Amino acid sequence: MGQGDKKTVTLKDVSKAAGLSLITVSRALRQPETVRPDTREKIQRTIDELGYIPNLTARSLVSQRSDMIGVVVPILASSLFADFAQGITGALDPHGQRMLLAVSNWSPEKEEAAVRTFIARQADAIILTGFSHTEATRKLLERYPGPVVEAWNLRDGAIGSVVGFDNHAAAAELTRYLIDAGYREIVMVGGAARHNDQAADRTRGFCDAMRAAGRALRPDSVVEFDNPATIESGGPLIQSLLERPNPPDAVLFLAELPAQGAMLWCLSNGVDVPGQVAIAGFGDLSLSALLPVPMTTVRIHGREIGRRAAEVALARIADANAPVPVDDVGYHLKIRSST
């Protein structure tokens, strides 16, 4: 059979094949408790044989619900955001909700396009990563009638609910640890802060902690790399830092993947970690604890952020008057041999 010869199976086809009225079949799908069990079983067998799939678009026009929640993540290369998505689906599945996933590649314009698609598809809720949106996106979300959850950071001026952790505090605490450990020439390496409130807050946390300790902040104390962060970028970054006339004795990476890449480069090139240079990351991806020199880092609870964000969205879907929370999931410093 050619592609053009295929015919979509309709509810009327199920009704005819089962020898039951269209009303009975429709009721069995919408209100199964009102139909006798043997009749429901017969209808289900017929559905399975014919391969009938309900038209969710038509159903949503009637119910005003799509049973879909739109989610935007910046990247999927990092398992942190994969864990975040996993946490969301784990919370949604028992409630019959499904996730529509979009990847923005840290582009506010791509996030805006995703939000427009979610709204057009009548998503029941929207979950976003961070607070960096275009003005058009913010206006769309402020007019959107469903729940909005901004995740991964804690900031004032939220559009709806917030589930995340204090990026500023986490970076400041890790910086203070390095200062207290006796490191004198500390350099921070982070993603570009433009359109990335998490990177901006981590950078600010580093700078605030350095100033509070009376440490000088030179122009070369902060190094930015282009998003998205990759493990491949870590080697050239650490090499360029170690080739400086006055190289750092500690490097704080505010993303985990380039920190891992830097560690692997050092191990491959005979650079003693932490004897020659200490390396700290941010995220605690699974490889970090398994490296020959286990890496100091900040543990982010990505799956828990996803689970709680989904639960907040579900609560607001069920009751529009439910509280609009600010949920601080927290973080943990993991001190290991690399520092």
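Modeller: In helix H2, the residues Thr24, Val25, Ser26 and Ala28 are buried, where buried means under 20% relative accessible area, exposed means over 50%, and partly exposed lies in between, with a 1.4 Å probe and protein chains only. Helices are DSSP runs of H or I with at least four residues, strands are runs of E with at least two, and both are numbered from the N terminus. The model is predicted: local features need pLDDT of at least 70 and side-chain atom pairs count only at pLDDT 80 or more, whereas totals for chains, interfaces and linings use all residues. Residues are numbered from 1 along each chain as its sequence is written, and side-chain values use heavy atoms, with hydrogens and water left out.

The buried residues of H2 pack against helix H1 (11–18) and against H3, contact being defined as heavy atoms within 4.5 Å. The axis of H2 (residues 22–30) comes within 10 Å of the axis of H3 (residues 37–50), and the two cross at roughly 95°. Axes here are lines fitted to C-alpha atoms, for helices over the stretch in contact, and angles between N-to-C directions run from 0 to 180 degrees. H2 and H3 are therefore roughly perpendicular to each other; angles of 65 to 115 degrees receive that label, those under 35 count as roughly parallel, those over 145 as roughly antiparallel, and the rest as oblique. On the H2 side the contact is made by Thr24, Val25, Ala28 and Leu29, and on the H3 side by Thr39, Ile43 and Ile47. By class, this contact of H2 with H3 has five nonpolar, two polar and no charged residues. In that scheme Ala, Val, Leu, Ile, Met, Phe, Trp, Tyr, Cys and Pro are nonpolar, Asp, Glu, Lys and Arg are charged, and the others, Gly among them, are polar.

The wider chain may now be considered. The domain assignment gives domain 1 (11–54), domain 2 (67–165 + 302–329) and domain 3 (167–300), with bounds that come from an automatic or database domain assignment. The centres of domain 1 and domain 2, taken over C-alpha atoms, are separated by 35 Å. A separation of 76 Å is found between the C-alpha atoms of Ser15 and Ala213, which are 198 residues apart along the chain. Ala213 belongs to the loop between helix H9 (197–212) and strand S7 (222–225), and is partly exposed, with a relative accessible area of 40%.

Two buried polar sites follow. Asn167 lies in helix H8 (residues 167–180) and counts as buried at 0% relative accessibility. Its side chain forms a polar contact of 2.7 Å with the side chain of Arg202. A polar contact is a pair of N or O atoms within 3.5 Å; within protein, one must be able to donate a hydrogen and the other to accept it, and residues adjacent in sequence count only if both atoms are side-chain atoms. Not counting residues up to four places away in sequence, Asn167 touches Trp152, Asn153, Gln198, Asp201, Arg202 and Phe282. Thr296, in the loop between strand S9 (278–280) and strand S10 (297–300), also counts as buried at 0% relative accessibility. The side chain of Thr296 reaches the backbone nitrogen of Arg336 at 2.8 Å. With residues up to four places away in sequence left out, the residues that Thr296 touches include Leu174, Tyr177, Ile279 and Lys334.

Asp328 is in strand S11 (residues 326–328) and is partly exposed, with a relative accessible area of 46%. A polar atom of the Asp328 side chain lies 3.0 Å from the backbone nitrogen of Gly330. Leaving aside neighbours within four places in sequence, Asp328 is in contact with Leu154, Gly164, Phe165, Asp166 and Arg308.

Some backbone geometry remains. Most residues other than glycine have a negative phi, and most peptide bonds are trans. Asn105, however, has a positive phi near 55°; this residue lies in the loop between strand S2 (98–103) and helix H6 (108–120). Gln122, in the loop between H6 and strand S3 (125–129), has a positive phi near 60°. A cis peptide bond, with omega about 10°, joins Val273 and Pro274, and Pro274 is located in the loop between helix H11 (256–268) and S9.
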